[in-house]
Amino acid sequence: MQIALRWTLTLAALLMLGPAAGGLVSLLNSPEGLDTVTLLHNTAPLMGVLVLLAIGVLAVAPAGVVAVVFGIRPALTTAGLVLAWAAWMMGRGDWLIRAQPTGGTLTMLAVEGALVGVVLLGLLLVLDRLAKRAGRTDPALKPFVFRDVARPPAMLAAGAAAVAAGLAAWLVAQHAMRGQAIFAAFCGGIAAGVAGRLVASTLAGNNTDAQDHAASPWPDYLGVVLIMILGPLVGLVMPGAANLGVAAFDGTLPGLLHVLPLDWAVGAVFGVPLGHAWVGSAAGAPQPGTSAGQRRGGRASNA
C-alpha cells in the first residue's frame, strides 16, 4: 500500500502538479516578445512573485505527504520534480542579457534569487518539520535547529558550499540551454553538499557533539542560496556591465549567468542531499536506526 502511495504521489508531481507549475510560468509575458521570461523579468513582476508562491505550494503539497509517510529524502525528490517543470519553462539567461545588457538586469536577477531562496528555505523547513513530527527523521541528516546553523563552523561550511557550487556550475554551464543550465545547478548542488559537509566535519574534528552538528545539511542549502543571490552579480566584474551585451552575443558570458535562480532551487533539492550523503558514506556516517547515543555508547564500550 505504501509503495502504491509513493508512486502515486511521485507520478502526480511529475505528470500533474509539475506541468501545472510550468503552465503558471508560461502565463508570464516577456517585454521583448522573446524567450527571456523570468519571475521578475516580465510585463507583470508582481504576477511573477505570485507565480513563485504558487509553485512553492504545488511543490510542497505532494512532498509534504511524502515527508510524513516516507521521510525527508523522498519528499525532496518529489518537490524537485515540480520545481524542475517550472525551471524548464524559464527563459534563457544569455537571451535575457542580450535584450537588457545592463547592470540593472543582474541586480534584478539577484533580487529574484533572494525571493526564490526564501521560498526554497520555507519549503525545506515545512518538509523538515512534517517529517520530524511524523517520526520520519533521517539519522544521517540532522533536522533544522537555528543555533546549529548560526554557529561559526556552520557559517564557514555555508561559505565553502557557495564557492563550490558556483565553481561547479560555472564549469558545467558552457551554454544557456535550459537543460544544461539546470544540470549545472544540479552539479553545483552536489558540490555544495560535498564541500559544506567536508568543511563542517573537518572543523568538528574528533568532537562527537560537533560531528552531530556536521551532519546537518542546512549550511549546504544556505550556501546554494548565497550563490543564487550573488552569482548574477559576478557579471558586474566579469565581463563588466559595459561589456554584457558583447559577451552575450559572442557566447563568452560567465557560466553563472546562464543559471537562473529557479534552476538553483532544483539543484539544491536534488543535488545537496546527494553530495551530503556521499561524504557521509565515505566517512562512515550512521545508518538509519543508529542514534548518536548508541554511537557514543559503542565508542565507550570499545574503549
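How many salt bridges does the structure hold? The structure holds 3 of them, and a salt bridge here is a side-chain nitrogen of Lys or Arg within 4 Å of a carboxyl oxygen of Asp or Glu. We'll visit each in the close-ups below.

Before that, some ground rules. This is a predicted model, where local features need pLDDT of at least 70, side-chain atom pairs count only at pLDDT 80 or more, and totals for chains, interfaces and linings use all residues. Residues are numbered from 1 along each chain as its sequence is written, and side-chain values use heavy atoms, with hydrogens and water left out.

View 1. The chain has 13 helices and 0 strands. Both kinds of element are DSSP runs numbered from the N terminus: helices are H or I with at least four residues, strands are E with at least two. Of the 303 residues, 49% are buried. Buried means under 20% relative accessible area, exposed means over 50%, and partly exposed is in between (1.4 Å probe, protein chains only). The chain exposes about 13200 Å², and carbon and sulfur atoms supply 69% of that. Such areas come from the Shrake-Rupley method with a 1.4 Å probe; for residues, only the protein chains shown count as cover. Now look at contacts, meaning heavy atoms within 4.5 Å. Among contacts with a separation of 6 or more, 80% join residues 24 or more positions apart.

**View 2. D263 and R178, a salt bridge between two helices.** Side chains of opposite charge can pair when their charged atoms come close. Here the side chains of D263 and R178 meet at 2.7 Å, N to O. This pair links distant parts of the chain: D263 is in helix α12 (residues 261-282) and R178 is in helix α8, 85 residues apart. D263 counts as buried because its relative accessibility is 0%. R178 is buried too, with a relative accessible area of 8%.

**View 3. The other salt bridges.** D94 and R92 bring their side chains together at 2.8 Å, N to O. D94 is buried, at 7% relative accessible area, and R92, at 14%, also counts as buried. In the other pair, R129 meets D128 at 3.0 Å, N to O. What about burial there? D128 has 10% relative accessibility, so it counts as buried, while R129 has 34% and counts as partly exposed.

**View 4. L96, tucked into helix α4.** L96 has its place in helix α4 (residues 93-99). Its relative accessibility is 0%, so L96 counts as buried. Leaving aside neighbours within four places in sequence, L96 is in contact with T36, T38, H41, T105, M108 and L109. For a sense of scale, L96 and L106 are 10 residues apart in sequence and 10.0 Å apart in space, C-alpha to C-alpha.

View 5. A pair of aromatic rings is described by the distance of the centres and the angle of the planes. Rings of Phe, Tyr and Trp (its six-membered ring) pair if their centres lie within 6.5 Å; planes under 30 degrees apart count as stacked, over 60 as edge-to-face and the rest as tilted. By this rule the count comes to 2 aromatic pairs. One of them is F183 with F186, a tilted pair at 6.2 Å centre to centre and 40 degrees between the planes. Both lie in helix α8 (residues 178-204), 3 residues apart, about one turn of the helix. F183 counts as partly exposed at 46% relative accessibility, and so does F186 at 25%.

**View 6. A nonpolar patch on the surface.** I3, W7, L11, L14, L15, M16 and W85 form this patch, with about 770 Å² of accessible area together. Patches are made of residues with over 30% relative accessible area and no salt bridge; like charges are joined within 9 Å, and nonpolar side chains (Val, Leu, Ile, Met, Phe, Trp, Tyr) within 5 Å. Helix α1 (residues 2-26) gives the most, with 6 residues. W7 has its place in helix α1 and counts as exposed at 55% relative accessibility.

**View 7. R136 in its loop.** R136 lies in the loop between α5 (103-133) and α6 (146-149). At 36% relative accessibility, R136 counts as partly exposed. Its contacts beyond four places in sequence include Q2, F70, I72 and A131. R136 and I72 are 64 residues apart in sequence, yet 7.3 Å apart in space, C-alpha to C-alpha.
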